[in-house]
Amino acid sequence: MKPFALARVLQLAERRSETLARTVKLAHGVWLRARGHQVRLLALRDAHIGELASGLRAGVSAAQVLQTGRLQRAQAAKMAAAQASIDAAHRAWQARLAEWMEAEQKVKALRLLEARHRAHAAVQQRRIEQRQHDELVELIHGRAGRGAR
């Protein structure tokens with residue numbers, strides 16, 4: 001039986017798919033960490049707003065209000081940066097996922113070709129065995145027929 005001609009290609013494609021699967025998981029982790037950072041920033045902002053609300057009831061100076069405004073603008077900038085980080089991480093994750101899916105399709109196609117190759121080889125092997133059997137039977141019957149005469 002002839003070996004599968006694309007066996008090495010299949011092996012390399014499987015290895016590439018496994019590597020890409022790890023990069024997908026890594027990119028997904030980066031995206032999740034970016035989302036976690038945004039959640040922490042939101043919690044910090046909410047806590048600061050709560051402090052400001054309780055401080056306003058008691059009364060605050062104009063300098064404190066200005067300082068609070070600066071802090072809120074800085075927090076808003078951090079939130080915007082966090083959102084940009086989330087968006088970039090999500091795009092990277094989706095790109096890696098698409099690349100992995102394409103590689104996985106190639107692996108599936110090569111596996112299908114390998115299965116077809118094996119099935120074809122099995123059919124050929126059965127034909128060879130049948131032919132050998134038929135020749136053996138003919139040989140035996142041919143000798144038996146000549147021996148009876």
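## Helices and basis of the model

Helices are DSSP runs of H or I with at least four residues, numbered from the N terminus. This is a predicted model, in which local features need pLDDT of at least 70 and side-chain atom pairs count only at pLDDT 80 or more, while totals for chains, interfaces and linings use all residues. Residues are numbered from 1 along each chain as its sequence is written, and side-chain values use heavy atoms, with hydrogens and water left out.

Four salt bridges (a side-chain nitrogen of Lys or Arg within 4 Å of a carboxyl oxygen of Asp or Glu) are found in a search of the whole structure. One of them joins glutamate 114 to arginine 118, with 2.9 Å between the closest N and O atoms; because these residues are four apart in helix α2, about one helical turn separates them. Glutamate 114 is buried at 18% relative accessible area, whereas arginine 118 is exposed at 52%, where buried means under 20%, exposed over 50% and partly exposed in between (1.4 Å probe, protein chains only).

Arginine 111 and glutamate 14 form a salt bridge whose closest N and O atoms are 3.0 Å apart. The pair links distant parts of the chain, since arginine 111 lies in helix α2 (residues 62–148) and glutamate 14 in helix α1, 97 residues apart. Arginine 111 is partly exposed at 40% relative accessibility, as is glutamate 14 at 24%.

A salt bridge also joins the side chains of arginine 16 and glutamate 99, at 3.3 Å from N to O; arginine 16 is in helix α1 and glutamate 99 in helix α2, so this pair ties together parts 83 residues apart in sequence.

Notes. Helices (H or I, at least four residues) and strands (E, at least two) are DSSP runs, numbered from the N terminus.
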